[in-house]
Amino acid sequence: MVLGLKLTREVFAFLAVVALWADPSVVGAANIFVSGPMKMDASTGCSISLSGQIETGDVAALSQIVDPVIAEDDNYPDFRTGAQIVLCLQSTGGSFLEGLRLAEYVSEKAITTKVIPGGTCLSACALAFMGGNLDTRSGVGWLSSRYLHPTSTLGFHAPRLDLPEDGFTRKDVDRAYASALLAIGLVSQNAKKLRLSQTLLTDMVNHIGDDLEMIDTVDDIAVNDIKLYGYDVVPMDERASSFACWNAFRWEFHVGSFEHELDNFDWTAVEMYPSENGLLSFTPFDGVMYCSHKVLALGGGDKDQVVQSERSDLSDVRVNVVSAPWIRMPGNTPLRQIPLGSMRDF
């Protein structure tokens with residue numbers, strides 16, 4: 001399956017050329033093995049581990065483990081218990097197209113993806129990571145289910161021009177360029193399904209080779225719908241509520257949420273003022289925004305809810321964000337500065 005691409009005769013011919021151009025002896029280069037129970041909580045371990053270079057054949061190798069498990073379990077995934085197949089990824093990259101195929105496969109099979117504490121997932125691995133998905137089997141629909149640890153490393157870049165090391169020809173260059181364009185087109189075509197933000201797509205194609213777009217701040221995981229595990233957060237007080245209110249507003253309206261805008265966002269000036277009805281207030285535009293910040297028990301754990309309105313009775317709600325409690329931290333907080341603990345996002 002080629003990620004939603006319309007498989008015309010010309011595309012089949014092109015893919016056949018790409019397949020022949022690759023090393024025919026490579027059939028699944030990553031090390032893929034069972035490393036724990038097939039259904040578990042994402043914070044407790046790994047069902048399957050993948051390490052090493054991602055190459056053609058890795059989807060087939062993964063499916064040999066996963067497909068029989070799902071075929072024998074009519075209740076998979078069980079959203080009530082949160083038990084799910086957890087695929088842990090440890091790789092510096094490999095085949096961009098196979099990374100996309102992995103993303104598509106784990107998305108369709110409702111597999112959670114995870115980078116272990118201190119682990120690294122780059123390039124093709126990062127694409128595979130973004131396929132992490134959960135079928136709630138309810139009106140809620142499908143949710144992203146991809147987990148980073150504060151000490152994990154996740155990075156994206158554009159596909160490389162994969163050329164022979166010696167004596168390549170113009171035809172080699174044309175094929176490599178065409179393959180790279182195909183990969184970029186497939187990523188863009190499936191961005192919505194894989195929940196890839198427009199910002200991430202833009203940053204990905206602007207980073208080439210060893211220059212990586214790193215996911216390493218609170219803003220990054222919020223904007224890219226990535227979950228966190230193995231952390232602790234600051235207590236809920238007025239200062240934390242100030243950051244939560246600002247973050248919710250920025251993430252809703254895409255104000256200062258992204259790397260190139262953070263330099264102009266003065267976090268030291270983030271101030272809330274107590275107002276009527278016990279709400280905090282701030283002035284992000286030509287008027288006052290009232291903000292309510294509270295803990296909400298939802299989906300198996302506590303979340304923070306931020307509701308904002310231009311009226312002190314919240315009768316004209318403009319922002320209603322339900323987030324993990326790291327919303328209480330400044331958006332440019334590095335993930336590695338988040339206190340470690342036993343919490344995970346729900």
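A contact here means heavy atoms within 4.5 Å. By that criterion, residues 24 or more positions apart account for 71% of the contacts in the chain with a separation of 6 or more.

This is a predicted model, in which local features need pLDDT of at least 70 and side-chain atom pairs count only at pLDDT 80 or more, while totals for chains, interfaces and linings use all residues. Residues are numbered from 1 along each chain as its sequence is written, and side-chain values use heavy atoms, with hydrogens and water left out.

**Figure 1. The whole chain and its confidence.** The chain has nine helices and 17 strands; helices (H or I, at least four residues) and strands (E, at least two) are DSSP runs, numbered from the N terminus. Of the 346 residues in the chain, 51% are buried, where buried means under 20% relative accessible area, exposed over 50% and partly exposed in between (1.4 Å probe, protein chains only). The mean pLDDT, which is the predictor's confidence in each residue from 0 to 100, is 81 for the chain, and 77% of the residues reach 70 or more. Residues 1-26 have pLDDT below 50, and this stretch has 36 contacts in the model beyond near neighbours in sequence. Where pLDDT is low, the predicted coordinates should not be read in detail.

Figure 2. The structure holds three disulfides, a disulfide being a pair of cysteine sulfur atoms within 2.5 Å. Counting bonded cysteines along the chain, the pattern is 1-2, 3-4, 5-6. In this view the sulfur atoms of C46 and C88 are 2.0 Å apart. C46 sits in the loop between β1 (31-34) and β2 (48-51), and C88 in strand β3 (residues 86-90), so the pair ties together parts that are 42 residues apart in sequence. The torsion about the S-S bond is about -90°, so this disulfide is left-handed. C46 counts as buried at 16% relative accessibility, and C88 is buried with a relative accessible area of 3%.

**Figure 3. The disulfide of C121 and C125.** Here the sulfur atoms of C121 and C125 lie 2.1 Å apart. With a torsion of about -105° about the S-S bond, the disulfide of C121 and C125 is left-handed. How buried are these cysteines in terms of relative accessibility? C121 has a relative accessible area of 0%, and C125 counts as buried at 0% relative accessibility.

Figure 4. C245 and C291 form a disulfide with their sulfur atoms 2.0 Å apart. C245 belongs to helix α8 (residues 238-253) and C291 to strand β14 (residues 287-298), so the pair ties together parts that are 46 residues apart in sequence. The link of C245 and C291 is left-handed, with -90° about the S-S bond, and C245 and C291 are buried. Helix α8 also holds S241, which counts as buried at 9% relative accessibility. Which residues does S241 contact, leaving aside its neighbours within four places in sequence? They are M236, L280 and H293.

**Figure 5. The largest nonpolar core.** A nonpolar core is a set of buried Ala, Val, Leu, Ile, Met, Phe, Trp, Tyr and Cys residues joined through side-chain atoms within 4.5 Å. The largest one has 69 residues, of which L62, F129, L148, L154 and F156 touch the most other members. Helix α3 (residues 96-108) gives the most to this core, with seven residues.

Figure 6. Rings of Phe, Tyr and Trp (its six-membered ring) pair if their centres lie within 6.5 Å; planes under 30 degrees apart count as stacked, over 60 as edge-to-face and the rest as tilted. One of the pairs, Y147 with Y229, is edge-to-face, at 6.5 Å centre to centre with 70° between the planes. Y147 lies in strand β8 (residues 146-148) and Y229 in strand β11 (residues 227-231), so the pair ties together parts that are 82 residues apart in sequence. Y147 counts as buried at 4% relative accessibility, and Y229 at 3%. Ring pairs also link W246, F249, F253 and F282 into a cluster. A charge sits over a ring if NZ of Lys or CZ of Arg is within 6 Å of the ring centre and within 35 degrees of the ring normal. K114 lies over the face of Y229, at 4.7 Å from the ring centre, and R344 over the face of F346, at 4.3 Å.
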